[in-house]
Amino acid sequence: MLLTHATLATMSPIPGTGGYGLIPDAAVALQGDRILWAGPMADLPAEYRALPEHDCQGRLVTPGLIDCHTHAVHAGHRAVEFELRLQGASYEDIARAGGGILSTVTATRAASEDQLLALALPRIDQLIASGATTVEVKSGYGLTVVDELKMLRAARRIGLDRPVTVRTTHLAAHAIPPDYKGRTADYIAEVALPSLHAGHKEGLIDAVDAFCETIAFSVADLTPLFAQARALGLPVKLHAEQLTDQGGTAFAARHGALSADHLEYLSPEGIAAMASAGTVAVILPGAFYTLRETQMPPIAALRAAGVAMAVATDLNPGSSPLASLTLAMNMACTLFRLTPEEALMGTTAHAARALGLADRGRIAPGLRADLCLWDADHPAELAYRIGATPLHSRIFGGRFDA
Ligand code: DI6
Ligand code: FE
């Protein structure tokens, strides 16, 4: 296929094209699920001119968007908790009283794998409608070996039912279930590690994550888990410094983490550790917004240190019931002062890095043909609109959605 008359944001800047790698009146040649060529119409090699043509009529064309942090598989909702917070309860108060993550655990344990899949698909459809072509999905609401595996299997099946690549992340170290209260090391030994081994054996795990927080796990608790992940050859990432500074980011960076996520309370030492390890900072404005946080992640310092920033929805029933990547980009700009260019880099090239995927996130020869066509003529429009997604159409693996 040959896309013609596109306004291309390649996110692969070449001198003179700015950070978006913007090419007006461009063409993109696709073959199978790969990009063959992209550049100005005037430079289109003769050999591609005979390909079946799709005229983009000047529309903006970007890489397919990537949501690199979601908890899209879960049962139940937490609207009542939303009401409680509006009456003054904090996220931590609710978690300590046995609500919060643990209430979603109860609902998720009660659901079958088929039910979890059926509940996740409409959420994934909303992400797809906002331009997603790759979505990461975490476990973490099972907290038993059987239920963590059930979540991972449901997550894998999403990619069979929908035109989207799913990357699965093991997050058994998300919360300590009531029967392990005060026995964190036993939980890691009896649930987190065995579910990691079993899930890895079944090919269900692309990365390992954990929640490093006073209400969850400490760096010391997580040391055996990250050591085991690395021993299995699995990359790690971490929910770090969301509510307090636990030194989780520096710990994750020491394990070569793909990303550290949230980061509101990140210290200068944490930033330096990320910069030297090449760890991506995943910014999650939906959780900041929902919890009405006031401490902002240190965006200017991350930028100054050259740390790549990604933007994701954190789609989950408690702290971020957000199912739109373009709205996440808008929030990242308005709440955190990312530039629209950083926000789009954050849902394309940098999100790919946060997942360890070298074959997507930019428009360049050899990369996957995952593209979005937008009813927009400038890439800043994607982050600028609030709750309106100007997606015109999507190409996944070289094919337009039916
Ligand atoms: N941080 C988050 O933002 C989600 N998990 C985490 O560790 C929230 C999960 C939830 O509240 O259900
Ligand atoms: Fe999260």
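Mentor: A residue counts as buried under 20% relative accessible area, as exposed over 50%, and as partly exposed in between, with a 1.4 Å probe and protein chains only. This is a predicted model, in which local features need pLDDT of at least 70, side-chain atom pairs count only at pLDDT 80 or more, and totals for chains, interfaces and linings use all residues; side-chain values use heavy atoms, with hydrogens and water left out. Residues are numbered from 1 along each chain as its sequence is written, while chains are lettered from A and ligands numbered from 1 in the order in which they are written.

Trainee: Which residues are the protein donors of the iron ion (ligand 2)?
Mentor: Donors are N, O and S atoms within 2.8 Å of the metal (3.2 Å for Na, K and Ca); water is not among the atoms, so sites may look incomplete. Here the donors lie 2.1 to 2.3 Å from the iron ion. They follow the spacing H-x1-H-x167-H-x74-D along the chain. The residues are H69 (NE2), H71 (NE2), H239 (NE2) and D314 (OD).

Trainee: How many residues apart are H69 and H239?
Mentor: Helices (H or I, at least four residues) and strands (E, at least two) are DSSP runs, numbered from the N terminus. H69 sits in the loop between β6 (65-67) and α1 (79-86), and H239 in strand β10 (residues 237-240). Both H69 and H239 are buried. This pair links distant parts of the chain, and its separation is 170 residues.

Trainee: What is the geometry of the site of the iron ion (ligand 2)?
Mentor: Four donors count as tetrahedral if all angles lie between 85 and 135 degrees; four count as square planar and six as octahedral if opposite donors are over 155 degrees apart and all others between 65 and 115; anything else is irregular. The angles among the 4 donor atoms run from 80 to 165°, and the site is irregular.

Trainee: Which strands stand at the edges of the sheet?
Mentor: Two strands pair if DSSP finds at least two bridges between them. The open sheet has 8 strands in the order β6-β7-β8-β9-β10-β11-β12-β13, with parallel pairing. Two of them have a single partner strand each, so one side of each is left without a neighbour in the sheet: β6 and β13 (309-311).

Trainee: At what angle to β9 does helix α7 (residues 219-231) run?
Mentor: Axes are lines fitted to C-alpha atoms, for helices over the stretch in contact (heavy atoms within 4.5 Å), and angles run from 0 to 180 degrees between N-to-C directions. Helix α7 lies across β8, β9 and β10. Its angle to β9 is about 180°.

Trainee: Is R303 buried, partly exposed or exposed?
Mentor: R303 forms a salt bridge (a side-chain nitrogen of Lys or Arg within 4 Å of a carboxyl oxygen of Asp or Glu) with E342, the closest N and O atoms being 2.6 Å apart. The pair links helix α11 (residues 299-304) and helix α13 (residues 340-346), 39 residues apart. E342 counts as buried because its relative accessibility is 18%. R303 has 36% relative accessibility, so this residue counts as partly exposed.

Trainee: Which residue meets E81 in a salt bridge?
Mentor: The N to O distance in this pair is 2.7 Å.
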